[in-house]
Structure formats: structure tokens, C-alpha cells
Amino acid sequence: MVGATPRAANEAGDNEVNMKTPRDLVRCGWASNERSILYHDREWGVPQHDDRVLFEFLILEGAQAGLSWDTILKKRESYRAAFDGFDPRKIALYDGRKRQALMRDAGIIRNRLKIAAAIQNAKAFLAIKKEFGSFDKYIWQFVGGKARVNALKSGQQIPACTAESDAMSKDLKRRGFRFVGTTICYAFMQATGMVNDHLPDCSFK
């Protein structure tokens with residue numbers, strides 16, 4: 001979900017999609033409005049390896065807890081402005097005054113626990129970068145470094161969590177992260193293309 005990131009699919013596949021008219025395209029059912037359609041078409045399920053983008057998704061997925069993803073998409077630009085473009089080095093240094101300012105910002109989810117988690121997660125994120133060289137190297141190990149394309153059938157329920165998201169959640173919590181339950185971790189994996197859960201008849205599978 002980050003910055004108009006273009007789809008990283010193979011060129012031939014992209015050209016095939018681009019040749020179709022909007023009426024011809026088939027999308028996953030949840031992509032139902034202009035904002036979610038744009039996100040679905042350009043970002044969801046696209047393998048992401050940029051650390052800043054991965055951090056943005058981590059924070060936004062945590063902010064979504066108990067809410068709809070559409071709510072987060074509406075507030076995404078406000079989050080970028082409020083959280084210094086999701087720069088973990090800056091966020092890790094937020095003090096009490098900055099926390100209060102965030103609590104007054106109507107453009108984001110004004111939840112004290114979620115704001116505190118974003119700051120704590122920035123610190124834990126930087127610790128992982130120091131240990132592994134990049135967050136990308138660390139996080140992709142949970143799928144063996146390769147995106148998993150799930151062969152879901154039309155109408156089949158997309159899982160809320162998997163053994164991989166369980167393992168990710170457990171290790172992130174051990175390292176001090178918050179709002180990283182297994183369901184949130186699986187949504188993060190979908191968003192960053194660690195898993196591809198587009199339905200078989202979706203034009204963006």
C-alpha cells in the first residue's frame with residue numbers, strides 16, 4: 001500500500017491486462033470502489049522489497065485492527081503526513097508532545113495504543129535492520145524468500161491466518177512489536193505480495 005507503487009508483475013502479463021477495457025477486467029470482490037480498485041490493481045499481492053514500504057504496511061495493517069481496510073485507505077495520505085513519510089528513524093524518536101499531537105490529528109486513527117505501537121514498532125524495526133541488514137531480508141524468510149501463489153477456487157474462503165503468519169507473529173512479538181497478531185501478519189503478507197490471494201478468475205492473479 002505505499003506510494004503509487006506500480007505492479008511488479010511480468011511485462012507480458014501487464015500488457016495483457018492493460019489491453020483490456022475496465023469493463024473487461026475481473027477483480028476480487030472486495031475491490032468495490034475507486035480507492036480499493038486502484039489499490040487492488042496496483043499493489044495488493046505485488047511482491048514488495050522496499051524497507052520503507054514494508055514498514056508502512058506494517059503500521060497501517062496494525063492500525064486497521066477492528067476496522068475496515070477501506071477506512072485505512074481513506075486515511076493513508078494523512079498517515080504519511082502525520083508519521084513523517086513512515087520514516088522509522090524519525091518515528092522511533094517521537095516524544096510525549098508528538099504523541100499528543102497525533103492524538104489530536106483527525107486524519108488518522110486516534111487510538112493511544114495504536115500510536116504507541118507505531119513508535120515501539122519503529123524501534124523494533126530498526127533493531128531488525130541492524131541485525132539482518134534489512135527488514136526485507138528478515139521478513140521474507142517466513143515464506144522462504146519466494147512469493148506464494150495460492151490456488152484458491154472461486155468462492156473458496158481466503159484464510160485469515162496460516163502457519164507462516166503464526167510464526168511471523170510469534171517472532172515479531174518476541175522482538176517487541178505490537179499489534180502483530182497472526183491475522184494482521186497474514187494481511188501484511190497479502191499486502192506485500194508474500195502471498196498472492198487473488199482469485200483464479202481475477203485479471204490480476
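Tutor: Let us begin with a definition: helices are DSSP runs of H or I with at least four residues, strands are runs of E with at least two, and both are numbered from the N terminus. Please note that this is a predicted model.

Student: How many helices and strands does the protein chain have, and what pattern does the chain follow along the sequence?

Tutor: The protein chain has 10 helices and two strands. Read along the sequence, the pattern is α-α-α-α-α-α-α-α-β-α-α-β. Of the 205 residues, 46% count as buried. Among contacts between residues at least 6 apart in sequence, 70% join residues at least 24 apart.

Student: Where does Phe-86 lie, and is Phe-86 buried or exposed?

Tutor: Phe-86 lies in the loop between helix H4 (69–82) and helix H5 (88–91). Buried means under 20% relative accessible area. Phe-86 has a relative accessible area of 0%, and therefore counts as buried. Its phi is near 60 degrees, a positive value in a residue other than glycine.

Student: Which loop holds Phe-179, and what is the phi of that residue?

Tutor: Phe-179 lies in the loop between helix H9 (163–174) and helix H10 (182–191). The phi of Phe-179 is near 55 degrees, again a positive value in a residue other than glycine. With a relative accessible area of 30%, Phe-179 is partly exposed.

Student: How does one read the packing of a helix? Which residues of helix H2 are buried?

Tutor: In helix H2 (residues 34–42), the buried residues are Ser-36, Tyr-39, His-40 and Asp-41. These buried residues pack against helix H3 (51–64), H4 and H10. At the start of H2, a side-chain oxygen of Asn-33 comes to within 3.1 Å of the backbone nitrogen of Arg-35.

Student: Where is Trp-30 found, and which residues does it touch?

Tutor: Trp-30 is found in the loop between helix H1 (11–18) and H2. Leaving aside residues up to four places away in sequence, Trp-30 touches Ser-36, Tyr-39, His-40 and Trp-44. Trp-30 and His-40 are 10 residues apart along the chain, and their C-alpha atoms are separated by 8.7 Å. Trp-30 counts as partly exposed, at 33% relative accessibility.

Student: How should I describe two helices that meet? At what angle do the axes of H6 and H7 cross?

Tutor: One describes the angle, the handedness and the residues in contact. The axes of helix H6 (residues 96–103) and helix H7 (residues 112–132) come within 10 Å and cross at roughly 135 degrees. H6 is therefore oblique to H7. The crossing in which H6 passes H7 is right-handed. From H6, Arg-99, Gln-100, Leu-102 and Met-103 meet Arg-112, Ile-115, Ala-116 and Ile-119 of H7. By class, this contact has five nonpolar, one polar and two charged residues.

Methods:
Residues are numbered from 1 along each chain as its sequence is written. This is a predicted model: local features need pLDDT of at least 70, side-chain atom pairs count only at pLDDT 80 or more; totals for chains, interfaces and linings use all residues. Side-chain values use heavy atoms; hydrogens and water are left out. Axes are lines fitted to C-alpha atoms, for helices over the stretch in contact, and angles run from 0 to 180 degrees between N-to-C directions. Angles under 35 degrees count as roughly parallel, over 145 as roughly antiparallel, 65 to 115 as roughly perpendicular and the rest as oblique. A crossing is left-handed if the near helix is turned anticlockwise from the far one by less than a right angle, and right-handed if clockwise. Contact means heavy atoms within 4.5 Å. Ala, Val, Leu, Ile, Met, Phe, Trp, Tyr, Cys and Pro count as nonpolar, Asp, Glu, Lys and Arg as charged, and the others, Gly among them, as polar. Buried means under 20% relative accessible area, exposed over 50%, partly exposed in between (1.4 Å probe, protein chains only). A polar contact is a pair of N or O atoms within 3.5 Å; within protein, one must be able to donate a hydrogen and the other to accept it, and residues adjacent in sequence count only if both atoms are side-chain atoms.
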